[in-house]
Amino acid sequence: DSSSSKEQQIAYFKENATAIKQMMQDNSAVVFREFSLMKEQDGFVAFYEAIGMKTCLDPLHSVSARPTVDGKKNSPVYEAVNKESRKNFFIGMHNEFV
């Protein structure tokens with residue numbers, strides 16, 4: 001929860017990585033609340049590394065100039081896709097609230 005340290009939160013995700021990934025596969029999405037770790041880009045990256053996920057190239061990178069959260073070209077965390085014309089694209093793991 002938000003009162004635990006980032007290190008404790010990372011440890012939680014490492015310990016529960018298999019179950020979390022299974023929930024992702026079963027439900028197509030998992031909502032995490034009260035984890036301060038994921039409120040910043042570095043923490044979100046640490047989260048998906050902790051569960052054994054690898055960063056990947058955004059599938060929309062060649063379709064448009066989709067902005068990243070930190071404004072850097074090769075950043076692994078992109079801003080939300082909120083354009084009607086792109087609603088049918090598959091969007092990989094992302095954080096709507098970073």
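Which residue takes a positive phi just after H2? In this predicted model, in which local features need pLDDT of at least 70, side-chain atom pairs count only at pLDDT 80 or more, and totals for chains, interfaces and linings use all residues, the residue in question is serine 28, with a positive phi of about 70° just after H2. Residues are numbered from 1 along each chain as its sequence is written, and side-chain values use heavy atoms, with hydrogens and water left out.

The chain contains three helices and zero strands, where helices (H or I, at least four residues) and strands (E, at least two) are DSSP runs numbered from the N terminus. Read along the sequence, the pattern is α-α-α. Of the 98 residues in the chain, 28% are buried; buried means under 20% relative accessible area, exposed means over 50%, and partly exposed lies in between (1.4 Å probe, protein chains only). The chain exposes about 7000 Å², of which carbon and sulfur atoms supply 50%; accessible areas come from the Shrake-Rupley method with a 1.4 Å probe, and for residues only the protein chains shown count as cover. Among contacts (heavy atoms within 4.5 Å) between residues at least 6 apart in sequence, 56% join residues at least 24 apart.

The largest nonpolar core comprises 13 residues, and those with the most contacts inside it are Phe13, Met38, Phe47 and Ile51. Such a core is a set of buried Ala, Val, Leu, Ile, Met, Phe, Trp, Tyr and Cys residues joined through side-chain atoms within 4.5 Å. Helix H2 (17-27) and helix H3 (41-50) are the elements that give two or more residues to this core. The largest share, five residues, comes from H3.

In H2, the buried residues are Ala17, Ile20 and Met24. Seen down the axis of H2, these residues fall within an arc of 70°, so they line one face of the helix; the arc is that of the directions from the helix axis to the C-beta atoms. An α-helix has 3.6 residues a turn, so residues three or four places apart point the same way. On the other side of H2, Thr18, Gln25 and Asp26 are exposed. The cover over the buried residues of H2 includes helix H1 (6-15) and H3.

Nine aromatic pairs are present in the structure. Rings of Phe, Tyr and Trp (its six-membered ring) pair if their centres lie within 6.5 Å, and planes under 30 degrees apart count as stacked, over 60 as edge-to-face and the rest as tilted. For phenylalanine 13 and phenylalanine 32, the ring centres are 5.5 Å apart and the planes stand at 90°, so the pair is edge-to-face. Phenylalanine 13 lies in helix H1 and phenylalanine 32 in the loop between H2 and H3, so the pair ties together parts that are 19 residues apart in sequence. Phenylalanine 13 counts as buried because its relative accessibility is 0%, whereas phenylalanine 32, at 25%, counts as partly exposed. One aromatic cluster is formed by Tyr12, Phe13, Phe32, Phe35, Phe44, Phe47 and Tyr48.

The loop between H2 and H3 also holds serine 28 and glutamate 34. Serine 28 is not a glycine, although its phi is positive; at 70% relative accessibility, this serine counts as exposed. Glutamate 34 likewise has a positive phi of about 70° without being a glycine, and this glutamate is exposed, with a relative accessible area of 51%.
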